[in-house]
Amino acid sequence: MPYEHITVETRDNVGVITLNRPKALNALSGALMNEVAEAVDAFEGDDAIGASILTGGEKAFAAGADIKEMKDKVYMEAYREDFITAKWERIAHSRKPIIAAVAGYALGGGCELAMMCDFIIAADNAKFGQPEITIGIIPGAGGTQRLTRFVGKSKAMDMVLTGRMMEADEAERCGLVSRVVSPDRLMEEALTAAKRIADYERNTVMAAKEMVDRAYETTLAEGIRFERRMFQSLFGTPGQVEGMDAFADKRRPKFNRS
């Protein structure tokens, strides 16, 4: 389907969603987020797609939510429409992995959107931040919660209370991003990672993603118990049989990609 605020393409078994409001530095409007959710739905339902990439432009992944769209709202209006929640959390709930490929500014809602993805690959010019306090509000799409879990209380307090930006190298050191590359290699690196994921057994990938996500939602003991059961449940599946047979036979496995 045609999109107005994003572009969507497929690269073999990888889906690519690109935020496309360059004049607004990819400010996250309601219409844009609706389109992102629709694209994630489409890739989720496409058996040919095993992983996706969410990216923006060279200057900005997304410089924040669309302030012009929200500045005149009042509480009950925001509450009734469940402002920010509707459609925004779709990425976090995807069962297939999504990689954020971030160059330039990822601020406010842009930083929160990147954190909803399974991991972040950043260009060395990327800048992350939660500057909402500078305009009289606080993060509302997970910035106080996901950021704290990723970088710890002290760093999160620093960013949320001062509004300062974090450079890519600092973001990598404190665990916000998984790796940093030059801007010209960003999409190549993200595509290589996504393709590698997409080539593995689909059910195994979804199980692994679910288990890592569960680590943030439960105690260590319960998480390990759930992991153990999921681990055991994969024995006898086509992926486990093919993967271990291939290892024993010293050949490359041929996993089910659907």
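1. Six strands form an open sheet in the order 1-2-3-5-7-10, and their pairing is mixed. This is a predicted model. Strand 1 (6–11) and strand 10 (179–181) are the edge strands, each pairing on one side only. On average, neighbouring strands of this sheet are turned by 20° against each other, direction ignored.

2. Strand 5 (residues 98–102) and strand 7 (residues 119–123) run parallel, joined by four bridges. Within this pair, Ala-101 stands opposite Ile-121 of strand 7.

3. The largest nonpolar core. This core has 45 residues. Leu-19, Leu-54, Ile-91, Val-102, Leu-113, Phe-128 and Leu-176 have the most contacts inside it. Helix 1 (residues 30–44) gives the most to this core: six residues.

4. Around Leu-113. Which residues is Leu-113 in contact with, leaving aside its neighbours within four places in sequence? They are Leu-19, Leu-28, Met-33, Leu-54, Phe-61 and Ile-91. Leu-19, Leu-54 and Ile-91 are also among the residues with the most contacts inside the largest core.

5. Helix 10. This helix (residues 202–214) has 13 residues, so at 1.5 Å a residue it should span 18 Å. Its end C-alpha atoms are 18 Å apart, which agrees. Arg-202, Val-205, Met-206, Ala-207, Lys-209 and Met-211 are buried in helix 10. Their cover includes helix 9 (186–198) and helix 11 (220–233).

Key: Residues are numbered from 1 along each chain as its sequence is written. This is a predicted model: local features need pLDDT of at least 70, side-chain atom pairs count only at pLDDT 80 or more; totals for chains, interfaces and linings use all residues. Side-chain values use heavy atoms; hydrogens and water are left out. Two strands pair if DSSP finds at least two bridges between them. Helices (H or I, at least four residues) and strands (E, at least two) are DSSP runs, numbered from the N terminus. Axes are lines fitted to C-alpha atoms, for helices over the stretch in contact, and angles run from 0 to 180 degrees between N-to-C directions. A nonpolar core is a set of buried Ala, Val, Leu, Ile, Met, Phe, Trp, Tyr and Cys residues joined through side-chain atoms within 4.5 Å. Buried means under 20% relative accessible area, exposed over 50%, partly exposed in between (1.4 Å probe, protein chains only). Contact means heavy atoms within 4.5 Å. The expected span of a helix is 1.5 Å times one less than its number of residues.
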